[in-house]
Amino acid sequence: MIRDITLGQYYPGSSPIHRLDARVKITATMLYIVELFVVNNFAGFLIAGIALFTVIGLSRVPLKFIFRGLSAVFIIIFFTLILNIFLTDGRVLWHWKFITITYEGLTRAVFMAVRLIMLIIGSSLLTLTTKPIELTDGLEKLMSPLSKIGVPSHEIALMMTIALRFIPTLMEETDKIIKAQQARGADFESGNIIQRAKSLIPILIPLFISSFRIAQELALAMEARCYHGGSGRTRMNEIHFHKGDAVAAVILVLFLTLIIASRRMGMPAIQ
Amino acid sequence: MSITVKNLRYIYNKEMPGETVALDDVSFEISDGSILGVIGHTGSGKSTLLQHLNGLLKPESGDVFIDDVCITDGKTELVEIRRRVGLVFQYPEYQLFEETVAKDVAFGPRNLGLDDEEIKRRVKHALEIVGLDYEDVKDNSPFEHSGGNKRKIAIAGVLAMEPKVLILDEPTAGLDPKAHREILAMVRRIHDSTGCIIIFVSHNMADIASMADKVIVLNAGRIVLEGTPAQVFSHGEELAAMGLDVPPAREMTDKLSRLIPGFTSEALSITQAADDIRNFISSDK
């Protein structure tokens, strides 16, 4: 059950998207997320959608794998949909007792849902096609100008590397503990919400203890290998900006222009 | 009481990158009161197999029967299965979580819905079988105990469910020689006092040879050797090819029999090897 979460997972491959410079991918993803909120009509969503599916196609990550990540956030999307449909004022389309559905509510709900879905797919595409190490290296490089004004970019990147590196480890650990407690007859699936919350204690306490143990061991292992922070540290694989990355950057700029232009297209607008 | 495993097949990461067949056509049988030793190198499917025996994993195909009850058909209540089959994972001390030893050991029986009287009796009994004094330890925090004792407490937590089948996955891993001996003695004691079926996974061939009535050898998800310890450990070269070993005593007698014409021994323990050598020397004279 815990393995169904694809958010933050890497899908091994050697597609053009996989080979792109992590810096380009991070910038592209961030811009894409901003653009999703710039978009205000269906034409814009169409462009954003086509762009998204082109990238998915190029990345050769199976669709099934991408959509599996969505199921984890389905409830959030569902509630956004419901709240927007029923709580927006405007032209009434349908009315029954205290329930009112308006034209504005419906379009806004659909917009928000599509926006959320594309946002999640877009950002999970980044982690699916970029190795965690490349991702954090890219982030560190992107943030390095900020270190001049005192932002600890290396430390932030290191924290992210460790966090990403230990997601699978902790998941495995959790899985093991869940199974061990299940073998002792623990039941996590039935009962009311309070009973269920209580049934998590036999998982959480061993998990905390394990995490502290792992953290301590990691710190010792790093010190044993003379880790002394970011200054003067070299790396084994320097990241380089290739021709393909330049092409991607140009496409990104074009896409950005197109999205901004789409705001002026004569389509139903909202907000 | 018996366990029958029929044509078990299990696939990890099905339809995902890294799909692997973890178990392939695994069948075996264990009858009442015996100790089954399971050996195989890391990743050979041992742990996967064990998890099928109490319903933690569902097989791709194949069946597991505990007595006549099929636990893989999806109809049997999981609590029922776990009442019968107790599984002690590797490093079970990492599953401890309660404030006191007594409460932690009581977690399993409590999940079975027993009354307080019965729970207390079982906790006391389980702690005594693993070799701890109930009155001494019951109000301690499980975390203030030594590694070996923590493991005993964790094993007591499974024993308190009074299973008919007890599965121990590498119960001696990472323990010092004293705790190692104590755990083996404890397994013996559990077997003698409860008469349950014990399934014992270990990388220590001497332990397997001394404990098990029957041994199965797993390699790449398949059972490649099966039989009594004497039968299995007569395949020294095959075992070595799979990254496994024979007990040290046997390793020595095998070398001796290659060096000294006429000497043969099927020793699995040091005392047996010593006897065989003594007999050979006295018959040589």
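Chain A has 11 helices and two strands. Both kinds of element are DSSP runs numbered from the N terminus, with at least four residues (H or I) for a helix and at least two (E) for a strand. From the N terminus on, the order is α-α-α-α-α-β-β-α-α-α-α-α-α. The model is predicted: local features need pLDDT of at least 70, side-chain atom pairs count only at pLDDT 80 or more, and totals for chains, interfaces and linings use all residues. Residues are numbered from 1 along each chain as its sequence is written, while chains are lettered from A and ligands numbered from 1 in the order in which they are written.

The C-alpha trace of chain A spans about 65 × 55 × 40 Å along its principal axes. Of its 271 residues, 20% count as buried. A buried residue has 20 or more other C-beta atoms within 10 Å of its own; an exposed one has 12 or fewer, a partly exposed one lies in between, and C-beta atoms are placed from the backbone. Contacts were also computed for chain A. Two residues are in contact if their C-beta atoms, placed from the backbone, lie within 7 Å. Among contacts in chain A between residues at least 6 apart in sequence, 76% join residues at least 24 apart.

The domain assignment, automatic or from a database, divides chain A into domain 1 (1-130 + 240-271) and domain 2 (152-239). Their C-alpha centres lie 30 Å apart. Five residues of domain 1 are in contact with seven residues of domain 2. On the domain 1 side, two of these residues are nonpolar, two polar and one charged. In this classification Ala, Val, Leu, Ile, Met, Phe, Trp, Tyr, Cys and Pro count as nonpolar, Asp, Glu, Lys and Arg as charged, and the others, Gly among them, as polar.

Helix H6 of chain A covers residues 103-129. Its 27 residues should span 39 Å at 1.5 Å a residue, and its end C-alpha atoms are 39 Å apart, which agrees. The expected span is 1.5 Å times one less than the number of residues. Buried residues of H6(A) include Gly105(A), Phe111(A), Met118(A), Ile121(A) and Leu125(A). Thr127(A), Leu128(A) and Thr129(A) are also buried.

Chain A meets chain B through 18 residues, in contact with 20 residues of chain B. Helix H8 (153-183) and helix H10 (201-224) of chain A each supply at least two residues of the chain A side. H8(A) gives the most, with seven residues. By class, this side has 10 nonpolar, four polar and four charged residues.

In chain B, strand E3 (residues 35-39) is mostly covered, with five of its five residues buried. Ile35(B), Gly37(B) and Ile39(B) point one way from E3(B), and Leu36(B) and Val38(B) point the other way. E3(B) pairs in the parallel sense with strand E8 (residues 197-201) over four bridges. Pairing requires at least two DSSP bridges between the strands. The bridge partner of Gly37(B) in E8(B) is Phe200(B). E3(B) also pairs in the parallel sense with strand E9 (residues 214-219), over four bridges. There, Leu36(B) has Lys214(B) as its bridge partner.

Chain B also holds an open sheet of four strands, in the order E2-E1-E4-E5, with antiparallel pairing. Strand E2 (20-30) and strand E5 (69-70) are the edge strands, each pairing on one side only. Strand E4 (residues 61-66) and E5(B) pair in the antiparallel sense over two bridges. Cys70(B) in E5(B) is the bridge partner of Phe65(B).
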